[in-house]
Amino acid sequence: MDSRLGTIKTLQSSRPPELVAAAWASGLRELWRRAQSEAARRPRATATLAALLIYLMISLVYFWWPVHGHFRDMAINAARESTLPDLGQSLWYLRWWPYALTHGLNPFITNKIWSAHGYNVMWEISIPALALLAWPVTATLGPIAAFNTIVILTFTLTAWMTFILCYHLTRQVWASLIGGYLFGFCGFMVSQGTGHLHLIVLFPLPLSIYLAALRYEGRISRARYLALAPLPLILLFLVSVEEFALVAVLAYLALGVWLLFHLSAWRETIRLALEATGAFLIATVLLSPFLYYMLAGYVGGVSHTNTIYSSDILGFFIPTDVFWVLSRYFLAVPMSGGNLSERDSYIGLPLTLLMLAFAYERWGKPSGKFLATMALISFVFALGPIIHVAGAETIRSPIRQVFNLPVIQKALPIRYALFLELSGAIMAAIWLAEQVRWRISKVALGLLLVVTLIPHLGAGLFATRVDVPPFFSTSLYQRYIKPGDNVLILPLGAFSREAMWQQQTNFAFTLSAGYGAVIPHPEDVLPIITRFGTAGESPAVRQPASAAEANAYQYYVEQYVATEHVTGIVVREGFTAQYSAYLAFLHEAPIHTGGVWYYPVSPEFSQATPPAEQVAGERVARCYQIGPVAHWDEQLQQIVAPAGAVGVAAQTWVDRFPGGTYDLALTASSASTRHFAHAEIDVMGQVTVIPLVNGVTRASFAVPGRSGMVVIRIVSDGGGAFSVGSSTLTKA
């Protein structure tokens, strides 16, 4: 070859494989040596980082693995009808806060739900902190991926923060790892993790205790404490106001108990109490915009029964079906506590025995008395006002009156179990660190405690497919629903999907109702909520007991459609037969498309004058519900009260009417010539009594002011059998 064209370079032969392997091995040994050196130089930082990675791996195994491959369309949530409305609500708020801020809207007030009234989201569990922190994930992968990310990280961080607290108290890695797991994956966390996102963000609690311990010991300055301590409190408030209130109550109670057993350190305790108060005040100032909207126009919402949501004594020791070990042997055991998510007080027999041993062995030390006393207080509070055993009420709690106090009365007693579980985790870490000498023994005992809290991953409790029908998951809805339309999605209540479906469209329309504990104007919208909700675990609409009640149901539907200006009604697949009779007044056949039934509502109804706001001279039939002394006669198609019966035979559904004068005509038929019944016209508590005659009885009454509640009762006086016919009410 001509040398002017260049020289041909010979290929260099590659190194032998054994030399490459030796180089890799040498590099790994050097890396390991440096890691060991760094770990020896900074053991605490290394242990803390290792604990974080361990808990993250556990969280991934427990919660990511069931949804892997479907991270954007399957949620870490129980695959049960009763938990899906709460899931939909969480997805709604994860999308709402970024949507409001990017569209220049007030994020605290929305018309996307309860559109006719406007809705204050601070009345609800609106999780603003989670929505804002997860915003990048929501924007790129969607709200389901954001929901799953929060679940995985909150389990990880709660365990990790508990590890940091336990390591500060024990200076032992293995004991602290066990303590971190026992709270990070405790019965409260795992149970609530099946359906309540806002209740599992608990890592601010051990972090707050850790900061308080550092300040009490003088390891951080007052300025640093006051700068750091408000942060976990703010986060907790912006996720769950209920847990924030519980932490505030228990924090001061704990300081009082600590002072009781540490009188010699009263100066340090009082100082910490004052500075903790300062941290709460700083948090309050920083939270002032949220507090303003929370207090503005506050309504009470749903009140849960303390006796239902109280822990069963057996619930502390017998695993529910959210746990893997032995739970299948106890499924038939009845227990109080409410639904699956709320039965969260399980700590297991091994941890119970360890806590008793800790209390016995360390009762002579002030710190031992403190932890044992706090565990006992949490246990008693979790039992609620009435002690339950195997689901049966037994005796009243000696502290039952405490549950009527402000703040405490708003919380479910069973929620106090989380403080028992945190106390147990700390006690276990200290006991393992001090009472068990050999590391292998620590590991063995720790594994025994851990095994009892392994979630039952095969029960479908941490993976559910979020099925949104094609009507909403595609652009199909745009053929029927225009931007700004006000839609009613049925059913409401325990089987509702309105929040989940609406957020899927990025709030392309408004909802006339909304899922949650608070109704903005109950006197206006409650009738439709109670009639279009569902009962228990069965997808059955509350059906009327008679034709008279059926007429009342339809009347309220028509009234609701007009009042709320509903432009369309969507009925979930499988429910149309239960609602079709009440929607017959629309005079249009529903459209079955995209996995739903769509009922168009004409302007004749959506823009009509509501029946309760009729103009002068307009007549409207007032429908009755059957009282306790009467029954429905199918042949007569009337409400009938027998001879000798005394009491309410019929009553109107309670309604609010505009102020003014009304003429009432009541029809009653009786074969008796004696006085047989009377009518009670109750206008805002002022009752007028009118004797009824055989035929039509006429009367007038006035509603003062702008509006008022009116109730009309027909009361049997025992004078003879009679029936209640049609009645009319006319505004004069």
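In helix H18, Lys442, Gly446, Leu449 and Val450 are buried, where buried means under 20% relative accessible area, exposed over 50% and partly exposed in between, with a 1.4 Å probe and protein chains only. Those four cover an arc of only 95 degrees around the axis, which puts them on the same side of H18; the arc is taken from the directions from the helix axis to the C-beta atoms. Their packing partners are helix H7 (173–184), helix H15 (349–362) and helix H17 (417–435). H18 itself runs over residues 439–451, and its 13 residues reach 18 Å from first C-alpha to last, close to the 18 Å expected at 1.5 Å a residue. That expected span is 1.5 Å times one less than the number of residues.

A word on what you're looking at: this is a predicted model, in which local features need pLDDT of at least 70 and side-chain atom pairs count only at pLDDT 80 or more, while totals for chains, interfaces and linings use all residues. Residues are numbered from 1 along each chain as its sequence is written, and side-chain values use heavy atoms, with hydrogens and water left out.

Zooming out, the chain has 24 helices and 21 strands; these are DSSP runs numbered from the N terminus, with helices (H or I) of at least four residues and strands (E) of at least two. Of the 732 residues in the chain, 53% are buried. Take the contacts (heavy atoms within 4.5 Å) between residues at least 6 apart in sequence: 76% of them join residues at least 24 apart.

Helix H9 (residues 204–216) is mostly covered, with 11 of its 13 residues buried, including Pro204, Tyr210 and Arg215. Just after H9, Gly218 takes a positive phi of about 75 degrees. Over in helix H8 (residues 187–192) you'll find Gln192, which is buried at 0% relative accessibility. The Gln192 side chain makes a polar contact with the side chain of Asp344 at 2.6 Å. A polar contact is a pair of N or O atoms within 3.5 Å; within protein, one must be able to donate a hydrogen and the other to accept it, and residues adjacent in sequence count only if both atoms are side-chain atoms. Leaving aside neighbours within four places in sequence, Gln192 also touches Leu199, Ile200 and Arg415, among others.

Now for the rings. Phe, Tyr and Trp rings (the six-membered one for Trp) pair if their centres lie within 6.5 Å, and planes under 30 degrees apart count as stacked, over 60 as edge-to-face and the rest as tilted. The count comes to 41 aromatic pairs. One of them, Trp96 with Phe507, is edge-to-face, at 5.8 Å centre to centre and 85 degrees between the planes. Trp96 sits in helix H3 (residues 84–102) and Phe507 in the loop between helix H20 (498–504) and strand E8 (510–511), so the pair ties together parts that are 411 residues apart in sequence. Trp96 is buried at 1% relative accessible area, and Phe507 is buried at 2%.

Phe472 belongs to an aromatic cluster that also includes Trp501 and Tyr598. In the largest nonpolar core, of 184 residues, Phe472 and Ile569 touch the most other members. A nonpolar core is a set of buried Ala, Val, Leu, Ile, Met, Phe, Trp, Tyr and Cys residues joined through side-chain atoms within 4.5 Å. Helix H6 (residues 143–170) gives the most to this core, with 15 residues.
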